[in-house]
Amino acid sequence: MNKFFKSIRNIKYPIIIIISIILFVTGLTLHRDFINSSYDNFTTRFFLIILLYAFAIIIGILWGFLNYMSNGNDIKLKYDSVADYVGALNASDDEKYIISEYINEQLEGLKKEDYNNEDSLLYAINNFEQSKLFHLRYHSEDSSHSYLLVLSLFTFVIGVIAFILRYNKIMIGTRSLQLTIGLTSFVYLIAFLGLYFIFYISNKLIFKQRK
């Protein structure tokens with residue numbers, strides 16, 4: 001459980017997701033005001049709201065992609081060197097050194113068996129990925145993106161608290177603010193869970209093709 005919450009350290013580029021949330025909240029606020037107001041400047045306000053939602057979604061997707069690539073999920077199916085492969089792993093520098101030594105030892109043995117460089121590298125990497133060490137520590141299908149589950153839990157709790165305050169008429173902030181926080185939390189809860197499962201399935205497919 002401690003490791004689960006420590007995965008929050010894997011979050012990269014937090015300012016990008018914060019910008020996405022700010023844009024979404026702004027769009028949601030204008031949307032609610034738009035519904036409750038007259039239809040003056042209908043077209044302009046309508047498209048402004050759509051643009052805010054669209055940019056919030058696009059920036060959120062960009063944040064997800066950057067985090068995917070930054071957490072040891074190189075989409076390449078083949079690598080040019082041991083360093084190229086090890087650099088894509090979600091591991092500390094010391095662990096990467098140990099892995100490099102492990103793979104290089106296999107490469108030396110394969111070269112003696114007349115494997116060419118490309119085949120021997122692929123074979124050595126496949127052997128490592130099928131080892132118990134890899135599956136316990138470095139297989140990133142569900143470990144390197146656990147921070148998305150932490151964010152999902154966080155947004156769920158925030159959303160529940162906001163709706164409890166609203167429907168029990170506990171005046172911490174305005175009811176409008178409570179609704180905005182609640183709706184935003186549940187929208188991003190769905191987004192974080194969606195990204196987690198997309199990343200999980202992507203890693204499954206990538207590792208399957210490497211073998």
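User: Does S152 count as buried or exposed?

Analyst: This is a predicted model, in which local features need pLDDT of at least 70, side-chain atom pairs count only at pLDDT 80 or more, and totals for chains, interfaces and linings use all residues. Residues are numbered from 1 along each chain as its sequence is written, and side-chain values use heavy atoms, with hydrogens and water left out. Buried means under 20% relative accessible area and exposed over 50%, with partly exposed in between (1.4 Å probe, protein chains only). S152 has 4% relative accessibility, so it counts as buried.

User: Which backbone oxygen does the side chain of S152 reach?

Analyst: S152 is found in helix 8. Helices here are DSSP runs (H or I, at least four residues), as are strands (E, at least two), numbered from the N terminus. At 2.7 Å, the side chain of S152 reaches the backbone oxygen of L148.

User: Leaving aside neighbours within four places in sequence, which residues is S152 in contact with?

Analyst: Contact means heavy atoms within 4.5 Å. With neighbours within four places in sequence set aside, the partners of S152 are L189, F192 and L193.

User: Why are the buried residues of helix 5 said to be on the same side?

Analyst: The buried residues of helix 5 are E95, K96, I99, S100, I103, Q106, L107 and L110. The arc is taken from the directions from the helix axis to the C-beta atoms. These residues lie on the same side of helix 5 because they cover an arc of only 135 degrees.

User: Which residues are exposed on the other side of helix 5?

Analyst: The other side of helix 5 has these exposed residues: D94, Y97, I98, E105 and K112.

User: Which element has the lowest mean pLDDT?

Analyst: pLDDT is the predictor's confidence in each residue, from 0 to 100. The protein has a mean of 77, and 72% of its residues reach 70 or more. Where pLDDT is low, the predicted coordinates should not be read in detail. Helix 8 has the highest mean among the elements, 89, and the lowest, 51, belongs to helix 7 (residues 132-138).

How values were computed. A polar contact is a pair of N or O atoms within 3.5 Å; within protein, one must be able to donate a hydrogen and the other to accept it, and residues adjacent in sequence count only if both atoms are side-chain atoms.
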